[in-house]
Amino acid sequence: MMTRLLTNQIATMTEMRDPQKVLDRAHGKPVAVLRNSKLVGYFVPAEATLDEGDSRPATMDEVMAHLEESRERAQPVLEYLRDK
């Protein structure tokens with residue numbers, strides 16, 4: 001079974017000997033770290049985790065409005081699952 005990587009930036013364990021070089025090449029994006037072509041983990045630069053100020057938790061009114069808007073699209077799935 002092949003592991004799905006959550007980023008398109010990749011580095012080997014050998015390349016991680018020089019983490020600054022890996023960071024520079026990643027341009028602020030997370031990097032999948034591989035050993036023998038198998039995922040070991042992710043190297044995530046600090047800038048990839050910083051809150052940009054644009055994100056905030058949705059209010060209950062926003063959540064309910066989104067659910068109402070998506071109901072028509074989701075209704076066939078809900079009806080299918082009701083019988084299961």
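Reader: Let's start with Thr-3. Buried or exposed?

Author: Thr-3 is exposed, because its relative accessible area is 51%. Exposed means over 50%, buried under 20%, and partly exposed in between, with a 1.4 Å probe and protein chains only.

Reader: Where is Thr-3 placed?

Author: Thr-3 is in the segment before β1, which covers 10–12. Helices here are DSSP runs of H or I with at least four residues, strands are runs of E with at least two, and both are numbered from the N terminus.

Reader: How far is Thr-3 from Phe-43 in space?

Author: C-alpha to C-alpha, 17 Å. In sequence the two are 40 residues apart.

Reader: What kind of model is this, and how are things counted?

Author: It is a predicted model: local features need pLDDT of at least 70, side-chain atom pairs count only at pLDDT 80 or more, and totals for chains, interfaces and linings use all residues. Residues are numbered from 1 along each chain as its sequence is written, and side-chain values use heavy atoms, leaving out hydrogens and water.

Reader: What mean pLDDT does the chain have?

Author: The mean is 88, and 94% of the residues reach 70 or more. pLDDT is the predictor's confidence in each residue, from 0 to 100.

Reader: Which element has the lowest mean, and which the highest?

Author: Helix α2, residues 46–49, has the lowest mean pLDDT of the elements, at 84. β1 has the highest, at 96.

Reader: In what order do the elements run?

Author: β-α-β-β-α-α from the N terminus. That is three helices and three strands.

Reader: Switching to α3. What does it span, end to end?

Author: Helix α3, residues 60–82, spans only 26 Å between its end C-alpha atoms. A straight helix of 23 residues would span 33 Å. The expected span is 1.5 Å times one less than the number of residues.

Reader: Where does α3 bend?

Author: At Glu-72, by about 60°. A proline, Pro-76, follows within four residues. The bend is the angle between axes fitted to the seven residues ending at a residue and the seven starting there.

Reader: And overall, what radius of gyration does the chain have?

Author: 20 Å, whereas a compact globule of 84 residues would have one near 12 Å. The radius is taken over C-alpha atoms, and the globule rule is 2.2 Å times the number of residues to the power 0.38. Along its principal axes the C-alpha trace spans about 55 × 40 × 15 Å.

Reader: How many of the residues are buried, as a percentage?

Author: Buried residues make up 14% of the 84.

Reader: Why does Ser-37 count as exposed?

Author: Because its relative accessibility is 72%. His-27 is exposed too, with a relative accessible area of 65%.

Reader: Last one, Glu-15. What does it touch?

Author: Glu-15 touches Ile-10, Val-22 and Arg-25, not counting residues up to four places away in sequence. Contact means heavy atoms within 4.5 Å. Glu-15 is found in the loop between β1 and α1. At a relative accessible area of 32%, Glu-15 is partly exposed.
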